[in-house]
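Subject: Structure for your records, with notes on helix packing

Hello,

The structure is below, followed by what was found in it. Please read the notes alongside the coordinates.

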Amino acid sequence: MSGFFDIPSDLQHSWAGLIGLHLREALIPVAAGLLLALPVAQLCGRFRWLYPPVLGLTTVLYAIPSLAFFVVLIDYTGQTELTVMIPLALYSLVVLIPAIVDGVRSVPDETLAAATAMGFGPVRRYTQVQLPIAAPAVIAGLRVATASSISLVSVGALIGNQGALGNLLAAAQKYDRPELAVNAVITMAVLAILCDALLVLLRVLLTPWMPRGAQPGTRSAAGPGKFREAEAEAL
Amino acid sequence: MNIFDFAHAFFGDSANWQGYDGIPQRFLEHLQYSLLALAVAAAIGLPVGLLTGHTGRGGNALAFIANAARALPSFGLLVLVVLLIGFGLLPVMIPLVVLAVPPILVTTYEAVRTVDPSPVDAARGMGMRESRILFQVEVPVALPLILSGLRSAAIQIVSTATIAAYVSLGGIGRYIIDGLYQRDYEKVVGGATLVAFLALVTLVLFWAAGRFVVSPGVRRREGRAKDSRARTAE
């Protein structure tokens, strides 16, 4: 008898182990993408002409199917986790860069002038004024990037054994056990929803000045509304 | 050999341009899956988005549905549906439509909802019926954003339709999957280039469509509106 949580031994992981692996392969790229997007977005904000070509480049990168990206990278990085993580990090840029640029641009000029008048240098002004005010937009971008990253890791199953929970899908076909595929899809969906909820919680914690539990309609720019715009303008 | 050599070898080989596994055939198949999925997704997303955006109700439910759909992994869904109902076109369409509905739905809703209320009130004051208000006032103004939602969905579909090959259908994904199993990098790189090219064509087409169908007045205002919207946002 094989049950819902009986993972075939050739995957070399328990169910919980696969979840850990999946989260690592999905979240490290988003973090790396954020680290890369922050300076790039800052440059795009400073030099306006840079923004359209950067957007175009990230869109083209995003258009390359993940599977093709993985296979091409195998030549350079082998069948490792890194091969799965590099494309995911690059994909996240297409959402994160516009989210950060729009968020930082939405800081009113008067606020910046006030910060300057209080003697803030450029670095302090960026970290203590611009980034906190841009936080809702940045987190909105992170939500889209995290959800798609968690979903895309599973494609890594096709290049060998690098799909974490996606490997369950391959196993489901190999051993004709559909319940493993159900398990994989549900687990990934739950992981995505949990990460999404955590990011919303983070936004609430980071922006104590915003009214809690307000309807999206009443503050379209800061809440989910901005997230929709970030998504709409990402591509 | 680098990527460009692979691509050059792939596109230079005349055998790749003919027959049932030729580039024109696979390209058409890919186009067919993509258009079908986009049409179905638009048929679901546009009416619901327009209606909820017009009435301004159901936004939270919409956001929840879109988030839940986004959380479903396309590849996982494909494998699951194939295991449950077998091979065919339907198992490919389900994940593609699930992938494409959230951006269309959410952007359309947001586009119609954020239309400047004063012209809408003016239209209502003039005695226009709700359907005319929606189609003659709100939709023309919201069109750029609605198109951007469709574009985002189309690009995701084009790039994800490669998974059709995984369940024995055609499309450009055939080159990527077959190349992977045959350790034939020429094929993989060629397939990837074709998909990226198709995605770029999609971008250009939507840009051209925007030029064509968006009214000049709305288009000119777009650039300024975007800036001022960002300024007054907080």
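Helix α2 (residues 51–63) of chain A packs against helix α9 (residues 185–213) of chain B at an angle of about 130 degrees, with the axes 8 Å apart. Helices are DSSP runs (H or I, at least four residues) numbered from the N terminus; axes are lines fitted to C-alpha atoms over the stretch in contact, with angles from 0 to 180 degrees between N-to-C directions. α2(A) and α9(B) are therefore oblique to each other (under 35 degrees is roughly parallel, over 145 roughly antiparallel, 65 to 115 roughly perpendicular, the rest oblique). On the α2(A) side the contact is made by A:Thr59, A:Val60 and A:Ala63, and on the α9(B) side by B:Val195, B:Ala196, B:Ala199, B:Leu200 and B:Leu203 (contact: C-beta atoms, placed from the backbone, within 7 Å).

This is a predicted model: local features need pLDDT of at least 70, side-chain atom pairs count only at pLDDT 80 or more, and totals for chains, interfaces and linings use all residues. Residues are numbered from 1 along each chain as its sequence is written, with chains lettered from A and ligands numbered from 1 in the order in which they are written.

Within chain A, the axes of helix α3 (residues 66–77) and α4(A) come within 9 Å and cross at roughly 130 degrees. That makes α3(A) oblique to α4(A). In α3(A), A:Ser66, A:Phe69, A:Phe70, A:Leu73, A:Ile74 and A:Thr77 meet A:Leu82, A:Thr83, A:Val84, A:Ile86 and A:Pro87 in α4(A).

A:Ile100 is in contact with A:Ala37, A:Leu38, A:Ala41, A:Ala134, A:Val138 and A:Gly141, leaving aside neighbours within four places in sequence.

Regards

Technical notes
Contact = placed C-beta atoms within 7 Å. Helix = DSSP H or I, 4+ residues; strand = E, 2+ residues; numbered from the N terminus.
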